[in-house]
Every structure is written in structure tokens, then in C-alpha cells.
Amino acid sequence: MLQQSGIDPTQMTQQNFRKYFDDNNSKKPSNGADINKSNTEDVKKNENKTLDHDSTQKDNIKAEAYNPEQTYGANVFQNTATYNVGELSTPPLDYPIGVGDHIIVALWGGGEYQEDYIVAKDGSIFPAGLGKIMVQGLKFEAARALIYSRFKSVVPASTNVEITLGEPRSINVNVGGEVANPGPVTISAFSNAFNVIGLAGGITQFGNLREIQIKRNGRVIDRLDVYKYLTSGDIGSHIYLQNNDFVLVTFYEKKVFATGQFKRPMYYQLKKEEGLKDLIRYSGGFTPDAFTSDVKVIRTEKESQVIKDVNATAILNITNQDFALSDGDIVKADLIRPGITNKVELKGEVAYPGNYELRKGDHLFDVINRAGGITKNTYLQRAFVFRGSTGDSTSIKSDRLEIDLTDINKDRFSLANPNNILLEPNDIIQLFASNEFLDEEYVEISGEVRKPGKVRRYGGMTLQDLLYLSGGLKSSAEFGRLEISSIVDMDSAKQGLKPTRTVIQSYAVLSNLALDSVASHIMLKPYDQVFVRKNPTFQFQENVQLLGLFKYPGQYSKLNKNERLSSYVNRAGGVRENADLSGAILFRNKTDLFRESIINNGRSDSSLIGMREPVSIDLEKALRSPNSKNDVVLQENDVIYLPEINPFVRVQGKVQSPLKITFDSDHKKLLYYIDKAGGFGIRPWRKRIYVTYANGKSKRTTNIFFIHFYPKVDHGSVITVPERPQGTDVGNVVVQGITATIPIIIGGFIFKYIK
């Protein structure tokens with residue numbers, strides 16, 4: 001080969017690589033063009049066009065693949081249509097090289113060069129200095145080895161040689177039968193039958209997924225089964241398509257619908273000989289909670305529907321047993337009935353209450369011991385076992401068995417004890433606690449303590465103990481105002497012998513908020529209520545927030561409880577020049593402290609809801625007349641917002657063109673701005689037009705007979721023209737009546753004058 005080429009490897013330089021290795025089979029690309037780019041641009045355009053109009057494309061393929069109304073396996077073609085196999089980075093080694101394939105040879109190391117060789121019609125590539133290299137019909141692996149040896153023999157020894165397959169050739173394949181768009185399809189030679197069907201729009205609802213035929217020269221050379229591919233990865237004989245091959249999709253043999261407790265409920269295509277066992281395999285089997293002993297098969301026979309019961313459990317466990325399915329069958333697997341059938345429930349005073357497995361021969365004491373046994377607080381004289389009605393102890397059908405547990409520790413393993421009864425499924429065992437039959441004693445503290453509420457009383461509990469348990473006194477507690485409300489003759493009250501009496505005693509609190517020596521030894525009785533009063537002179541800071549175009553916005557503490565709006569504004573340095581005084585708004589916390597709610601609910605405290613509501617104020621008048629009715633007293637957490645002057649007027653509602661209009665101080669009449677919005681629209685309710693100003697206040701139209709007096713407009717206003725309701729109102733009737741009467745009066749006057 002060295003003698004044939006006439007090339008001396010020792011004389012090879014990077015500069016003369018192009019001279020010897022340029023492709024003589026094709027024209028060179030223009031300067032700046034990509035040498036790896038395919039020369040078959042028309043084929044690419046055709047492929048892209050096919051993809052753009054592919055009717056199988058979906059926004060959410062994965063979600064629809066598991067839709068029961070779809071056929072299992074049909075989405076395979078949706079995925080293959082979007083995958084351009086011509087862009088594979090590593091071509092298959094068994095790919096047969098043919099005319100039009102692009103083979104890329106890259107050299108580096110001893111010199112750097114890359115060329116894209118196109119296989120010519122004679123089946124060769126033609127490097128300028130090496131002569132023709134025949135590659136047609138060779139598998140890519142063999143062609144790569146041949147080309148490598150030819151180049152390696154002429155380049156310097158330090159040169160690396162890499163051969164890859166660039167743009168594969170394009171072929172025309174016909175697709176027919178039950179596909180969305182039958183006809184010829186131009187594809188890459190890498191493509192398989194699935195790609196072809198995908199580019200043809202996928203199969204129709206009657207297309208056969210189980211036998212896709214590939215024909216060449218009128219003879220079937222391969223049959224593809226989509227289900228075989230999905231379950232085992234077998235795509236057939238891996239035959240590469242050639243020009244004028246034919247891919248045929250026939251009608252399916254039978255299709256059944258699997259519904260209910262299948263792992264993948266949807267439609268499935270089955271071959272003629274396949275039955276229920278194959279359907280279960282294709283659907284992934286049953287879910288764990290499926291009732292497989294009685295699977296329903298709904299079938300159409302003689303123009304009517306019939307139902308058949310099939311034991312799928314037996315079919316799956318017996319090798320040679322199956323149930324034949326017909327086209328159109330609906331196979332339904334129901335959900336098993338919920339509920340555990342081998343349990344007993346243990347409630348109440350045991351170490352670990354809950355549900356326990358009922359084993360064969362289990363007695364009452366066995367399950368109690370398995371649950372950790374009884375506790376020191378268990379009431380042994382009586383326990384209940386509720387039986388029947390599936391373990392529902394509240395059911396009137398349940399039987400109640402009374403049990404004495406006094407001897408459980410002595411006879412825990414004895415079956416002779418009549419109380420150690422044999423248990424049945426779904427029995428409920430109820431044990432009681434001794435303290436359930438005693439009233440829980442507590443004391444309660446409220447007022448100026450850190451943790452008010454009820455505290456469980458124990459023996460020897462003192463008032464000092466309760467104060468410690470409640471977190472101690474607050475700084476706002478009143479000195480000398482601690483009261484205890486006690487029930488006397490409590491035992492008598494408990495026995496119902498006579499009414500209880502309440503006694504209230506007051507105790508002093510020292511200035512350091514500690515109890516005096518006498519009160520610190522007060523013993524608390526059951527149900528005592530302790531009240532710690534608040535010091536009326538104690539008060540935390542109360543803040544008001546000023547936002548917007550004040551000179552110094554921010555939070556300001558109240559100087560006194562009656563401080564007014566103007567005082568806060570003065571403390572904030574006044575307002576800025578572009579501030580809109582008429583648009584100032586007060587935001588105040590909502591409360592439910594209203595007379596009605598207090599009377600109805602019996603409440604005497606102010607409970608903040610926590611939401612602010614806007615309150616309309618007149619800041620301009622408040623600043624002009626301090627201490628007037630407009631100069632309101634602010635409360636804690638009030639927020640004053642002062643906006644910038646809004647130079648626009650917004651017109652909305654039934655006008656020709658709702659829009660914002662720049663406010664003109666020379667024009668404050670409403671109709672001026674209605675006219676700027678194109679006039680009234682259809683069915684405007686003129687007597688109900690209203691204007692909402694920047695501070696949230698609104699003014700309505702005043703009407704005297706048929707004359708409308710519209711409110712004035714200011715900057716930041718919103719003009720609303722509502723729609724007049726259907727039907728003619730009284731005003732329109734009167735106007736129409738007067739309009740109809742005028743011609744009659746004029747006619748009568750003329751007639752009288754002529755006469």
C-alpha cells in the first residue's frame with residue numbers, strides 16, 4: 001500500500017496532510033462551513049417537517065401512558081418519534097456501510113487534520129493520496145479497521161487515528177396498515193421499524209402491537225412484538241431497514257380491558273392463544289389488596305353482556321390452567337374487604353394497649369401478659385370483654401362479658417380460672433384505672449402570672465408552690481391584691497348533703513412581689529381559684545406607626561392615652577411637599593369588643609382578631625384644626641399611611657373606553673372625564689354613578705326628578721358607572737310617557753287654532 005500511494009511517512013508534515021487526505025468524492029465546503037455537516041439538507045428538512053406534524057406528540061406522555069383508556073404499548077411510538085437515531089454518538093458496530101454514509105477520519109499528534117468522507121455510488125471513500133478504499137457492505141467495525149490500517153501506514157508513527165461514523169445515509173421506507181399517516185417515510189439508516197411507525201403518527205386504535213411485519217421484495221423478513229420488547233427488551237432480529245422496505249401494521253386479534261386492582265389497569269392486546277394468565281403478566285400482576293379468588297370477566301355473547309367468575313389464584317398456582325379471553329372482554333379485580341380478621345384489641349390500663357394477634361388457643365390472661373401485664377393503677381374488680389358485631393364495643397349487637405381480674409397474678413397461666421376466657425377474633429378487652437373512679441383535684445390561677453391556667457393539686461400544696469408552678473408574678477401585678485376563692489364543706493357537697501359555699505380571702509403581696517410571711521404558708525384546697533390583680537397604673541409602651549410621605553416616618557410611642565393625630569404628624573416633622581393629604585388612611589386592628597358580642601357570648605375582655613381594616617380620616621382638617629373631631633385619638637398599633645399625590649383619575653364601568661386620565665385642576669366636573677373615556681357605554685345607570693376618593697370615601701350622584709347632580713372629581717379619584725339592571729325603570733317610563741304626550745298636546749293646540 002505504501003508503494004501504491006507513493007507517500008513517504010517520514011516526509012509527512014501537518015501542512016501537506018490536506019493535500020494527501022482530502023476527499024475526492026465530494027466538493028469541499030465553503031470557508032467557515034462545518035466539515036461534519038451532512039450534505040443531505042433536504043432529507044433533514046423532510047425529517048424535521050415530519051416531526052413538527054407528528055400527531056403522537058403529547059405534553060405529558062408519562063401520565064397518559066398509565067391512563068386506563070390507553071392501550072398498553074402504544075406510547076412506545078410516541079417516544080421513538082421524538083428520538084433522532086441519526087445523532088447517535090456511537091454507531092452500532094454491526095451497521096452495514098452503504099452509499100451516502102459519512103465516515104469521519106481525525107488525525108492528531110504528529111499532525112492535526114479531520115475530514116468527512118462520503119461513501120460514493122461505487123461504494124468507496126476516496127482520500128486524495130491513498131486511492132479508493134472500498135467499504136460498501138462492510139460492517140462498521142470491519143470498515144473502521146480497514147480505514148485505520150490504510151491511514152496508519154502513511155502517517156508518522158506519533159499520529160493518532162480515529163474513525164467515526166458521521167451523518168448516516170437516508171433511506172425511504174413505506175409504512176402501511178393501521179397507522180395514522182400511511183405512506184413513504186424518509187429516515188436515517190440507523191432507524192428501526194418503531195421509529196418508522198412513530199414518524200407515521202403511531203398506530204390507530206385498531207393497530208396490532210403484537211405482530212408488526214417488515215417486508216422486503218414482497219417477503220416478510222421479520223415480525224416485531226411490542227409486548228415482547230417491553231417485557232424482555234427483545235426487538236426482533238435487529239434487521240437494518242433498506243430502501244423501499246415495507247412496514248405493515250395489521251388489525252389486532254383481540255383487545256381486553258383490565259380494570260380494578262391491577263398494577264397497570266388499561267387496555268391490552270392479546271394474541272389468539274393468550275388468556276388471563278398472560279393478561280396478568282403484561283399488567284404487572286395484581287395489587288396486594290386484590291380479591292383474586294373471584295375475578296369478574298364481563299363478556300358480550302349473542303348481543304348481550306354476561307359475567308363470569310374466575311379464580312385467578314388457582315390459575316396462577318396451577319401450571320397448565322388458564323382462562324381463555326375474547327375480544328372486548330372486561331376483566332375486573334375487586335378490592336378485598338378491609339378489616340383484620342385475626343386480632344383482638346386491648347384498651348385501658350395495661351402496659352402497652354393496642355391491637356394484638358389472636359393465636360390459636362389464646363385466652364384472656366395470655367394477651368394481657370403479652371401486652372406487658374397490668375399496672376399498679378389497674379382496677380382489678382371488673383373488666384369488660386365486648387364480643388360480636390366485628391369488635392365494635394358501641395354496637396347494640398355486641399355482647400358484654402364481665403371479668404374479675406383479682407387473681408390474674410396468681411393464675412396467669414391457669415386455664416381453670418373461669419375469668420381466663422377463650423378469646424375470639426375481634427374481641428375488645430377493656431380494663432379500667434383505679435383513679436377513673438375518683439375526681440381529679442386541681443387548682444386554678446389567673447391574672448398577672450406568667451403561666452395562668454389549671455394545675456393538678458397534690459397533697460400539701462401551698463400558695464407559694466402554685467406561684468412557682470405558674471412562672472411567678474409579672475411586673476404588672478398589683479401589690480396587696482391577691483385573692484383566693486375556695487369551696488367550703490366540699491365533702492358535704494360531694495355527698496350532696498347541702499349546697500356548697502364560696503369564701504374569698506385577700507392576701508398582701510410585698511413590693512418585691514413576694515408573699516408576706518403569713519400568706520406564704522397558705523395551704524390550697526381542691527378547686528381553689530387564685531386571682532392576681534393587675535396594677536392599674538402599670539402600662540407598657542404603646543406605639544403608632546407613620547408610613548409614607550412624612551418627613552420622618554417610623555414608629556412613635558404614645559405620649560399619653562389621649563394623644564391625637566396632629567400631634568404625631570408634628571412629631572414626625574410634618575409632611576412632604578408631594579404628599580396627598582386627602583388620601584391619608586388609618587389602618588386599625590379589628591376587635592370583637594362590641595356590645596352585642598359581649599352580651600351574647602358573655603365576654604368581658606377585648607380579644608384582638610389581628611387583622612387591620614382601613615379607616616377613613618381627613619388629615620388636612622385635622623392639621624388645620626387640632627383637637628377637633630377630625631383630629632382623632634390614635635390607639636396602639638394604629639398605622640397612618642400618607643401616599644404620594646396620584647395625578648390620575650380612573651374611569652371604570654359602563655363607559656366606551658375605561659382608562660386612566662390625567663387629573664386637570666381646571667376640570668373637576670365628572671362629565672368631563674366621562675367624555676374623555678368616550679362617553680357612556682351600553683345601559684349606564686346614571687343616577688347611581690359614584691366617585692371614590694383617594695382616602696377611600698365615596699360620594700354618590702344626587703337626583704332631583706330627572707336631573708342628576710354628579711359629585712366633583714379630585715386627583716386620585718375613581719369614577720364608577722354601574723350597569724343599569726334589565727327592565728325599564730320608573731323614570732324611563734315617565735320620560736317615555738311625557739315624550740309621547742307632547743305631540744298630542746301640540747296637535748290639539750294647532751287644530752283648535754285653525755278652527
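Which residue in β17 is the bridge partner of Glu-345? That would be Asn-355. Keep in mind that we're looking at a predicted model here.

**The five-stranded sheet**

- Five strands make up an open sheet, and the order runs β17-β16-β20-β18-β19.
- Pairing in this sheet is mixed.
- The edges belong to β17 (354–357) and β19 (399–403); each has a single partner strand, so one side of each is left without a neighbour in the sheet.
- On average, neighbouring strands of this sheet are turned by 25 degrees against each other, direction ignored.

**Zooming in on β16 and β17**

- β16 covers residues 343–347 and pairs with β17 in the antiparallel sense.

- Strand β6 spans residues 170–177, strand β7 spans residues 183–188, and the two run antiparallel.
- Six bridges join them.
- To get from β6 to β7, the chain goes through a hairpin of five residues.
- For a spot to check on screen, take Ile-171: its bridge partner in β7 is Ile-187.

**β6 and β10**

- β6 is also joined to strand β10 (residues 246–251), this time with the strands running parallel.
- The count here is four bridges.
- Val-175 stands opposite Val-247 in β10.
- Put together, β6 runs antiparallel to β7 and parallel to β10.

Technical notes: Residues are numbered from 1 along each chain as its sequence is written. This is a predicted model: local features need pLDDT of at least 70, side-chain atom pairs count only at pLDDT 80 or more; totals for chains, interfaces and linings use all residues. Side-chain values use heavy atoms; hydrogens and water are left out. Two strands pair if DSSP finds at least two bridges between them. Axes are lines fitted to C-alpha atoms, for helices over the stretch in contact, and angles run from 0 to 180 degrees between N-to-C directions.
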